[in-house]
Amino acid sequence: SDAIGPICDNMEDTSQPNTPPSSSPTDTFVPTGEFDEIVKISAFQPKKKVLSNQKWRIVLRFQLKNSTDNPVGKTVLTMGYGNKQKTCRSWNNGKCTIKLTLGKNISSVSLTVKSISAPGGEVYTP
């Protein structure tokens, strides 16, 4: 599986005003079952915010593209963390967002790409 790793330690805190967005393209290539078609996570942007109840809100933004760097819409990305999963479906521009709310005692979380299901029926499962 493609682990993204702990994200809270180096994540931007959006509860602070005037914090510039961070972007760290991962260029994670993910085979979709077809040898000539690859779906990749071309950009990944995590943000965190401490909520009033002291829980964490994590917003993960992804950009999905194919092997020719065109956005891939209607693709379902499934991420796993702990014993839970979250999914997002990309818009025609290839972007999708996953939101997590974590307890105040959690200091970091590791995410893993569980699957990517592309529109043509191509499926990636590690």
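View 1. I58 stands opposite L100 in β8. The model is a predicted one, in which local features need pLDDT of at least 70, side-chain atom pairs count only at pLDDT 80 or more, and totals for chains, interfaces and linings use all residues. Residues are numbered from 1 along each chain as its sequence is written, and side-chain values use heavy atoms, with hydrogens and water left out. Strand β5 (residues 56-66) and β8 run antiparallel and are joined by eight bridges; two strands pair if DSSP finds at least two bridges between them. Strands are DSSP runs (E, at least two residues) and helices likewise (H or I, at least four), numbered from the N terminus.

**View 2. The two faces of strand β8.** Side chains alternate along residues 95-102. Buried means under 20% relative accessible area, exposed over 50%, and partly exposed in between (1.4 Å probe, protein chains only).

**View 3. Surroundings of Q63.** Q63 lies in strand β5 and counts as buried because its relative accessibility is 10%. Apart from residues up to four places away in sequence, Q63 touches K40, I41, S42, A43, P71, N93, G94 and K95; contact means heavy atoms within 4.5 Å.

**View 4. The aromatic pair F44 and F62.** One aromatic pair is counted. The ring centres of F44 and F62 are 5.2 Å apart and the planes stand at 40°, so the pair is tilted. F44 in strand β4 (residues 38-50) and F62 in strand β5 are 18 residues apart, and the pair thus links distant parts of the chain. Both F44 and F62 are buried. Rings of Phe, Tyr and Trp (its six-membered ring) pair if their centres lie within 6.5 Å; planes under 30 degrees apart count as stacked, over 60 as edge-to-face and the rest as tilted.

**View 5. The largest nonpolar core.** This core has 21 residues, and L60, F62, L77, M79, I98 and L100 have the most contacts inside it. Two or more residues come from each of β4, β5, β6 (76-81), β8 and β9 (110-117), with the largest share, five residues, from β5. A nonpolar core is a set of buried Ala, Val, Leu, Ile, Met, Phe, Trp, Tyr and Cys residues joined through side-chain atoms within 4.5 Å. Beyond its neighbours within four places in sequence, L77 contacts residues including I41, F62, C96, I98 and V113.
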